[in-house]
Amino acid sequence: MKAAVLYEFGQPLQIEEVDVKLPKANQVLIKVVACGVCHTDLHACMGDWPVQPKLPLIPGHEAIGYVAAVGTGVDYLKQGDVVGAPWLHSACGHCEYCITGWETLCHDQKNGGYSVDGGYAEYVIADARYVARFPKEIDFFQMAPITCAGVTVYKGLKETDTKPGEWVAIFGVGGLGHLAVQYAKAMGLHVAAVDVAEDKLKLAKSSGADLVLNSAEQDPGTFLKSKIGGMHGALVTAVSPKAFEQSLSTLKRKGTLAMTGLPPGTFQLPIFDTVLNRHTVRGSIVGTRKDMQEAIGFALEGKVRATVKTARLEDINDIFNQMKNGTLEGRTVLQLCEP
Ligand code: NAD
Ligand code: ZN
Ligand code: ZN
């Protein structure tokens, strides 16, 4: 099969022929139709994070396609079913996190396109117990981004503890952020979208944001407090530590910041303000299998619709360059075969 392979951090991916693996017990082989390009894949290929991926690596964790073969023990999926191979490739199934519906925190998890090979390929192996499930008649290119970007922001919004009618600030309107705006609106929230690029703010507006703000030109905290009285919650998907710091200052008292963006770095958390204002700051990592099916449900009902540009596997290095420069709009999705 054809795949994009990383051999060295910071180097271009190589497009080459790789052997197709057969599914083992509890696994499925997926013939990939579409795979979204997440900024996490770029972090992986740059070796940005303290925990680094395996090398060589086939990246990609927004792949969806058809089940091509099933391993032993998989009696609930069959050839031709439409499934996605997500970031949470597998978890142990029996630790304190797995048994309490927090499999995303399992210490023994494997991650697609990171610790195991992912979907920048014509075929990918997934653990049948952790795949995303889709009905047959779907737009693969629309749905691929839901399996990471979609579920991550849907879960992240839940983690802001905001309620319908309240205000949430979305920092970063890229692949994750433009979906976050739509999930937030569908969840009955008022949305202030913040980015440093005008084209991203335009996308936020057309995605339904009530208010947009360029944080390179205006201080978000000052602006949103004077205009709205502050935010009940903030979700940061931006790839800059500065956005995390700025998002704190937009919160009302009792507000919650949910962090999903993963730029390398740190930010200052002021002790006095956090205590006196009873702020909550928490990380949020993708979503559970239950979150995944809920997030897919919103998309199937047409309540969220990814802005998608399709590309070829051979374009991946060019796409990464554009991602670094912040010039992509919405999500870029690789097409591996005809649906
Ligand atoms: P993207 O490149 O599509 O979008 C990033 C956006 O951040 C762009 O719109 C960019 O203009 C904006 N931005 C940059 N600097 C900013 C600033 N100072 N203020 C506001 N906005 C700013 O990336 P993506 O695919 O949406 O991923 C975003 C981040 O989320 C990445 O770090 C990725 O690794 C992470 N991520 C985390 C999870 C998780 O489970 N926590 C899941 C998926 C992705
Ligand atoms: Zn992702
Ligand atoms: Zn576990």
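This is a predicted model: local features need pLDDT of at least 70, side-chain atom pairs count only at pLDDT 80 or more; totals for chains, interfaces and linings use all residues.
Local features need pLDDT of at least 70 and side-chain atom pairs count only at pLDDT 80 or more, while totals for linings use all residues. Residues are numbered from 1 along each chain as its sequence is written.

The zinc ion (ligand 2) has Cys-38 (SG), His-61 (NE2) and Cys-148 (SG) as protein donors, at 2.0 to 2.3 Å. Donors are N, O and S atoms within 2.8 Å of the metal (3.2 Å for Na, K and Ca); water is not among the atoms, so sites may look incomplete. The donor spacing in sequence is C-x22-H-x86-C. Because Cys-38 lies in the loop between strand 3 (27-36) and helix 1 (39-46), and His-61 in the loop between helix 1 and strand 4 (63-70), the pair ties together parts 23 residues apart in sequence. Helices (H or I, at least four residues) and strands (E, at least two) are DSSP runs. Both Cys-38 and His-61 are buried (under 20% relative accessible area, 1.4 Å probe, protein chains only).

A pocket is an open set of points on a 1 Å grid where a 1.4 Å probe fits, with protein on both sides within 12 Å along at least five of seven lines; lining residues have an atom within 4 Å of a point.

| Pocket | Volume | Lining |
|---|---|---|
| Largest | about 820 Å³ | 45 residues |

His-39 and Gly-174 are among the residues nearest the centre of the largest pocket. Domain 1 (2-148 + 306-335) and domain 2 (150-283) both give residues to the lining of the second largest pocket, so that pocket lies between them.

Key: Chains are lettered from A and ligands numbered from 1 in the order in which they are written. Side-chain values use heavy atoms; hydrogens and water are left out. Buried means under 20% relative accessible area, exposed over 50%, partly exposed in between (1.4 Å probe, protein chains only). Grid points are joined across faces, edges and corners, and a volume is the space filled by probe spheres set on the points. Domain bounds come from an automatic or database domain assignment.
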